[in-house]
Amino acid sequence: MDYLFVGVGDGVYARPAVLASADGDRVVVVTRSTAGLVSVIALRAADGGLASVFSGAAAGCTGMGLMGSGNSPVLDSATNRLYVTSDTRGAGGCSVWAFRADLGALAWSRAGLGSIEAAAAVGNSLNSLISSHVYVGATATPGGTPATLY
């Protein structure tokens, strides 16, 4: 059966991620409205219904900035986290976002890294399969900060 997912903003701006879950698989998309509001939306794969949505700001952040096609969500199944990267939205804006994959709730966000125009990379330590590291690369600014890997 095919589903048409409606009401997910004015456009999907990155490759969707599929999350396998005991209570039903979810399709996660990143969208943007014409007003510039960016949202991370999880839809139930079984029926296309809304499972969760995040379109707000986190403590210390001004909201999620714009994203390009390279900012696809990345799942770390070892920690049950979904990582999303974005441009900053104003001075000090956050550009790395971690969500609990099972609930869709924001786990944490990080400001001060600058705009990020590529997906995060996740790597596990050699000592433990549940000790993951998130790697992101910030975009260089003209006449300012060089491109940086975190």
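**Entry 1: The sheet**

I looked up Asp-76 and found that its bridge partner in E6 is Arg-81. I note that this is a predicted model, in which local features need pLDDT of at least 70 and side-chain atom pairs count only at pLDDT 80 or more, while totals for chains, interfaces and linings use all residues. Residues are numbered from 1 along each chain as its sequence is written, and side-chain values use heavy atoms, with hydrogens and water left out.

For the terms, I record that strands (E, at least two residues) are DSSP runs numbered from the N terminus, and that two strands pair if DSSP finds at least two bridges between them. As background, strands of a sheet pair through backbone hydrogen bonds, either parallel or antiparallel.

E5 and strand E6 (residues 81–85) are antiparallel and share three bridges. E6 is in turn joined to E7 by five bridges, again antiparallel, and Val-84 faces Trp-97 in E7. Between E7 and E8 I also found five bridges in the antiparallel sense; here Ala-98 has Trp-108 in E8 as its bridge partner.

In what order do the four strands of the open sheet stand? I read the order as E5-E6-E7-E8, with antiparallel pairing. Strand E5 (74–76) and strand E8 (106–111) are the edges; each has a single partner strand, so one side of each is left without a neighbour in the sheet.

**Entry 2: Two loops**

I examined the hairpin of E7 and E8, which has five residues between the strands. Gly-104 in its turn has a positive phi of about 80°.

The loop between E5 and E6 contains Ser-77. Is Ser-77 buried or exposed? Buried means under 20% relative accessible area, exposed over 50%, and partly exposed in between (1.4 Å probe, protein chains only). Ser-77 counts as exposed because its relative accessibility is 64%. I also noted that Ser-77 and Leu-19 are 58 residues apart in sequence, yet 8.9 Å apart in space, C-alpha to C-alpha.

**Entry 3: Burial and cores**

In strand E7 (residues 94–100), six of the seven residues are buried. I next looked for nonpolar cores, that is, sets of buried Ala, Val, Leu, Ile, Met, Phe, Trp, Tyr and Cys residues joined through side-chain atoms within 4.5 Å. The largest has 16 residues, and those touching the most other members include Val-84 and Trp-97. Elements giving two or more residues to this core include E6 and E7. Another core, of seven residues, lies apart from it, with Tyr-83 and Val-96 among its members.
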